[in-house]
Each structure stands twice: as structure tokens, then as C-alpha cells.
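Here are a few notes to read beside the model. Please keep the structure open as you go.

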Amino acid sequence: MTQTQDLICPAEDILDPVALSARLKQAFEDAKDAAQVRKTTVATLRDVMNAGRRTIARAFEADPHMAHAATRSYAWLTDCLVRAVHEVATGTLHPLHTPTASESLAVLAVGGYGRFEMAPHSDVDLLFLTPYKITPWAESVIESMLYMLWDLRLKVGHSSRTVKDCLRLGREDYTIRTAMLEHRPVCGDAGLAGELTEQLWSGLFKGTEAEFIEAKLAERSERHKKQGGQRYMVEPNVKEGKGGLRDLQTLFWVAKYIHRVKNIRDFVDLKVFTSEEYDTFMRADEFLWATRCHLHLVTNRAADQLTFDLQVEVAARMGYTDHGGRRAVEHFMQAYFRHATAVGEITRIFLTALEEQHLKKAPLLIGLLRRRRRAKAPFAVKQGRLTVKGDSVFHDDKLSILRLFEEGLRTGMLIHPDAMRLVSANLDLIDDEMRSDKEAIRIFLDLLLKHGNPERALRRMNELGVLSAFIPEFEPIVAMMQFNMYHSYTVDEHTIQVISNFAQIERHELEVELPISSEILSKGVNRKTLMVAMLLHDIGKGRPQDHSILGAQITRKVAPRLGLSAKECETAEWLVRHHLLMSDMAQKRDIADPRTVRDFAKAVKSVRRLDLLTVLTVCDIRGVGPTTWNNWKATLIRTLYNQTRRALEGGMEDLNRENRGAEAKRALRTALSDWDAKALKKETARHYDAYWQGLHVTAHTVFAGLLRDIGDDEVRLELELDEERDVTRVHIVLADHPGIFSRLAGALTLVGANIVDARTYTSKDGYATAIFWVQDGDGSPYDASKLPRLQQMIHKTLMGEVIARDAIAGRDKIKKRERAFKVPTHITFDNDGSEIYTIIEVDTRDRPGLLYDLTRTLANSNVYIASAVIATYGEQVVDTFYVKDMFGLKFYNEGKQKTLEKRLREAIEKGAERATA
């Protein structure tokens, strides 16, 4: 292939070197001095460079997946520019009529540019090679070339060395060695460039293969660690991330170093890759390059991080569209993650081939495992990994495909890539007959339930396509990305994380962190039913329908196939249908309201189902991301579980307000045993029932102290860290007046406190007792050092010294990278979920100051807010308000509801405009 072949459009359409040379010669006729020559050169080259870039970009836009042709085109355009400045520097600015042997210069491309692969804004890495110590002439040429290239705004990386320098520095530094591995002559002395090539291969690369491989693999591990350590980062780095371009380049570097290959196709001749694996490599490489090139074109800079806002733009440029209930960006990112997974598989195959040649050290773990269990027939051990004894094993008995993974768990061995290859080549053997085979089902369920680490088998089965072949309904969610800031993983990886959490609980690793779930599993539950529910709980995602309803319908088909009895199928289907119920009740409702617990208990019906749903809920939340679960959520789930269990075992009358009120008063009398009887009687008589059943005795005790002898115009506050729940409690008492809740919410917003829960009660003698549970932006208790400022701001806001509305303006901006997220607003009114309040649920796009806007709108509409529950899911928030009208009644009137909804929507829309302005 010549350099002008396989470009994205005809070479002369990008740049015509002959015409350029003639144009420069003509322009130089009017140039008075060297400065004028340089200026003319830069102006001319800028014109042709920009025109060439536009031509490539247009052709790429017309065929947005032709990345290899585009990267070659950008490299060819760069070659033309470098040759042009070299011609000007050596022919016009610094002509040498009788050069000596030392006055020789070769210009070489190194790194990605040397590989003839460039994105629109890639660095131009140049090596200026001289035979001996650099001469004044060579120095002048290099300096002139660099200044002209810099004036073209090219990001040039450069070095000036002799052949000896290259060898010496290459021995000392693997980065330099790697760059020179991909050197390519661009212009200048071809003989000198050829000498470098020969010296590098004979004097540096030969005999140092093993050390180079170890260095590159160590570098790869370190890079993965920096990029987050896993393939499914929601904002992946296309170049440096796991499964990204650098991983593919590392394979090529190693192969070139060992075998002196010129291109990836040579891997097939070397029997490292099959033809199918070569195709997989090329598809992944072209997709990743396409993504990177579009990133550069969208941002007009060298951007490699696929941030949320850029994902939307790149998806559109690459031709993805909204369909099937999913956004274009979700289809694009699913393709991205599938290619990243393929890169992982190819890397594994290649590294094992290196081990066979004894060029790469086998992992220490494998060395230890060699002394452990032997493999049962028809399996064998190869290089400390599990493989099969012959290529016909799966054809002889297709159940051996599943047995391979079972044997891997039994022995603790990793699976050899040869066996993985064979599995991938024989997926068609997993047919309806095998799916309904009782022994196959037994093996599959044993993989999940018998060996204690099901996630290991599931992840490998998923990557090889076995899981989707055995349960075809699972295939649509493989590598499915959910375009939001809440989920850290793709849907399939999330499912495996959920099961991994379950396995950790069963292994007694989370007894301190998850006491209730640990107790439930130690007592014993139907593990098979729960495991199937966990495996299928999100299987309905990515379609227009409610994924819980669709998932339940799919479970109705799949569960019997997996050998569950009719009763087990019914329970599994119920769990999938209601897998969000407990999370929603705990996070979106006031669990201090007896009706919440009563309604939840009625839905669950039995302690058996409550136990199963609790474990599923805990594992589901923990499986969303590494920081999603916290002590606040743990407390909510634990409280709801305990109260519901009490109601199911002792009867619903245990939730009676009067009973709970009497218990709370008794607890307060015990806590305030040093108070005199008169003061105690006054305190227990001054509050309504809702106050007693809505707060814990710790809050009652604090409020009792704050209210004691309070003056009419006095505002008292007490802030308390609650590290067990990861929150700070803010207690406030003052004379009640309209809009108090909104003003307090505004004050908290101004100091950067995130409200997760809030209650306000009015005492019989006219005092407001308000309690807010707040966290900082990271979901931790509000920093104790900031508490004085918080206290000061609350005072200033309540006293009217600070107007929250004006102070918040300008602070409520949404970050640019987060603006791509669209959350439709849903507002509902529920008069059945509470005995005495109307529940208004506002589900919308989160932003700073939203809660203040909503509460101010309600206050201005003469709505009394008793409590607010705030549940945040990334960019989405559900704010739930328990309210009454000014006469203490529920909002039954449909007209009033519509008026309130309209005002709330207007407040949300105005705030959104402000936040994105």
C-alpha cells in the first residue's frame, strides 16, 4: 500500500504537493528576507492545511465509521506539511551547496504519527536524526522547521539525536524505546534513517523482548488503575481506558518488537489470532478511532474523555438514532462497551500466546494453582489454566460448555484462552434442547448457588456469550448503558454486581455493614428463587415499557425453564415486578407515617417475601455503583424492614398512632428524668400526635431543651452529627409563620447543604419545630467545621438579613458536561398514602436550589409543608412533600391540584432556564 492509497478521499483533494511547491516558489519571488519567506510559507501552508482538514472532515462526516481511512488521511496531510517546511528550510532558508558527511539530516515520524495513524488534533512527534553531533546548519534547519510548524498551531513533540543517542536513551527509557519502535522516515537523508532502523533492531530490540513485554504490561496495569480499573466506566477515556485504543496499540507494539510485524494481519500468519479474531480486532480498532476522531472534531481539540455531553454529540455524528425506547446515545455506548469487551478478550488471547513462548511470566497465582486440584475429564491443565483435551469435546457433549465454568469454580483455575476460543466458536450448540435439559439447568444453578463466587463464572460466561446463549432474553441488556449519572455500570455488569453482593453477604463478609441482610440469609431463605430474581430483575430494561412489568413477564417464561416450581416462579415473578417497591417506599415516602408502613406491609403480605425483597433491595442499591450505598439508605431500609416485620408479626394495630405516641412520651420522660414534673407535663402536652410518632426520642429531647423558656421572637438552633446515618441533624425552633420551611431550605442551600429529609411540626402554643437531615455534596455528614457558618446563615435568613431567592440566583448552574441529561417532570398527588396529609411527589431534573424553588412556590400558594423526603438518583430527584391546605385539610379538589401542578412546573422551568443560561 502506498501512502496515497486507502485515504478517505483522493489525495489531491486533500493537498496537491506539486501545486503547493509551485505556489511557494512563486510567492518567494517577492520575499525580501528570511522572515518574509517564513511568513509566506506559514500563511500558504495554513490555507492548504485548513482546506485539507475541511476536506477530510467532510468525507468523514459523510462516512462516519471510516476511521482508518480518516487517520491515514490526517497523517498524510501532516507528512505533506512537514515535507514542505523541510523543503523551505533546506532549499530556501539554509541551502547547503557542498555538504560534508556530518551535515546530514533525516526527519522521522515517531509514535502514533510514525504508525501513520492520526486523529484531527493528534500530536506531531518528530525525530531529527543526525549522523554525529549536531552541526550549526542542522540546528538552523531544525529551528526554522519547528518555528514554522508551531506557527501553524501544530502541537509538535520533537527530539534531536544521533543514532548512538537513540540507542542509549532507548535502553534507559521504555517510552522512548516504544516511540522509536514505530519510527517512519518522512523526509531528508533516507540512508541515515535506514541506518537507525538497522541499529535499533540489531543493537537494541533483539534479545530484550522479555523485559520490553514486562515493562509494557506493567505500564498497561498502571494506566488501567489510573483510569478506574474497569471496562465499564460511564465516561470512558477512548485512548487510555481499559478496552481502549492504547490496549490495542500495546498488543501491536509487543508483536512488532518480537516478530517485527508490519501490520495486524501478520498476527494471523503467526497463528496468534484466527481470521475471526483479526476481524474483531480491526472492527474494535476502527470503532474506537472513529469515536476518537469525532471527539476531536466536536471539541476542536485533542479530547479523549467521552464525557456525558460529548457522548450525545458523537452518537449523533456516528449516525445513531433514538429507537426501541432507548436514546441514540445509549445504543452508541452499548456498541462502545461491546467493542471494549472484545478488546479484553483479544488481549487475553495474545498474552497467553506470549506465555506459551515463555516471553511473559505466568501470574504468580497460576504458579500456586498448579500445585492444587487436578482437572476432571474431559478437561486438562495448560500453563496453569483450565482447558479442554481436544477440539471435539463440546461436539461430543455440549453440556461440557457449562461444565467448563463449573470446573473453573471447583478448581479455582482461570480458563485458558484456547478453551475460550472453542466456547465462542461453538455457541450454536446451546440450543432449545440444551436449554431445557435438566442436567444443564442443574449445572447452571450450581454455578450460581454452590461454589460461593458465582460472579466469577457469570462474568466470564457473559463475556464469551454463553449467558446470552443459555438465556437468550439476557442478550439485549449485554453492555447496555443507561444514560444517567446514577448507574456506574452497564445493565449486565450491574446484575453481576448485585449477585456479587449477595455472595459477599453469604460469605459473612458484610455482617457489620449489613446486619439485617446477613441475619436473613443465615436464618435461611429460598436461595434459588432469590438468585433467579436477582439475575432477571433488570432484564426488561431498554424497552419502552416499564422494565419491572416487562421483567416480570419475562420471568414468567424463564423461571420455569430454570427448574423453579410453580410457587417459586410466582415468588420470583413478584420479586422482579416489585424489586423497586422497598427502595421507593424507604427513599420517597415518610416512613415515620404509619400509613407508609401499613401500605407496604399489605403489598408484601408475608415475612418470607419481606426477607427476600429486603436482600434483593440491598444488593440492588449496592450494585448501582461503588458509592451509592450509604448509612442513610441503610437506616431507611433497616427502619422500614423492622417496622413492617413488626406489623406483619404483631398485627397492624402495632402501627396505631396513639400507641406510638404514648410510647414516645414515656421514652421522653425517661430521657428527661432530671426535669421537674410540671416542666415535663408542659412539654408532653404542647405537641400534636404527628410530632410524637414522627420523630425519635433523641429529637424529642433536643426540641424539649430548645423550647424550654423560649422567648416569642427567639430563634434557637442545635446541630448534631449523626455519623451512624452519615447525616447532620439541624434542629430549629421559633415562632411559627407561613413559609418557614421554604426559608430554612433556602438557608441550607446557600451553605451547600444537601437536604435528604425534613419535618416541621407546629406545637399547640404556636412554635415551629423543624428538623432537617443534611449531607455535603459527597453524601457524607455536613462538615462540622462548616456548622458555625450554617448556623449564622439560618439566623440571617430567618431574620430577613439575607433574601434566599436573590442570594441563590447565579449559584444554581448545571455543569456543562451534565446538561445532556434530560429528565421529564412528573408531578402526582396522592391522598391515600397518608391519613392526614396529601402527598405531592415531584420527579424532575435535579439542580442546585430546586428544593427552595419548590417549597417557595408551595408557600406562596398557602400550602403547609409538614415534611419533605428527598431521593436523588444521579441527575434525577424525587422530592416528596406531605402537605395540607391553610385550613388543615387535604387537597382533594382537582382544580386546586391542577393549579398547584401548573405553578410547580413553571417554577421548575424557570429554574432550569436559569441553570443552563
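1. Start with Phe887. Phe887 sits in the loop between strand 14 (876-884) and helix 41 (894-916). Helices (H or I, at least four residues) and strands (E, at least two) are DSSP runs, numbered from the N terminus. Phe887 is exposed, at 65% relative accessible area. Buried means under 20% relative accessible area, exposed over 50%, and partly exposed in between (1.4 Å probe, protein chains only).

2. A word on the source. This is a predicted model: local features need pLDDT of at least 70, side-chain atom pairs count only at pLDDT 80 or more, and totals for chains, interfaces and linings use all residues. Residues are numbered from 1 along each chain as its sequence is written, and side-chain values use heavy atoms, with hydrogens and water left out.

3. Four strands form an open sheet with mixed pairing, in the order 3-2-1-4. Its edge strands are strand 3 (156-162) and strand 4 (184-188), and each pairs on one side only. Two strands pair if DSSP finds at least two bridges between them.

4. Strand 2 (residues 124-130) and strand 3 run parallel, joined by seven bridges. Phe128 has Ser160 in strand 3 as its bridge partner.

5. Which residues of helix 36 are buried? In helix 36 (residues 697-707), they are Ala699, His700, Val702, Phe703, Ala704, Leu706 and Leu707. Asp709 follows helix 36, and its phi is positive, near 60°.
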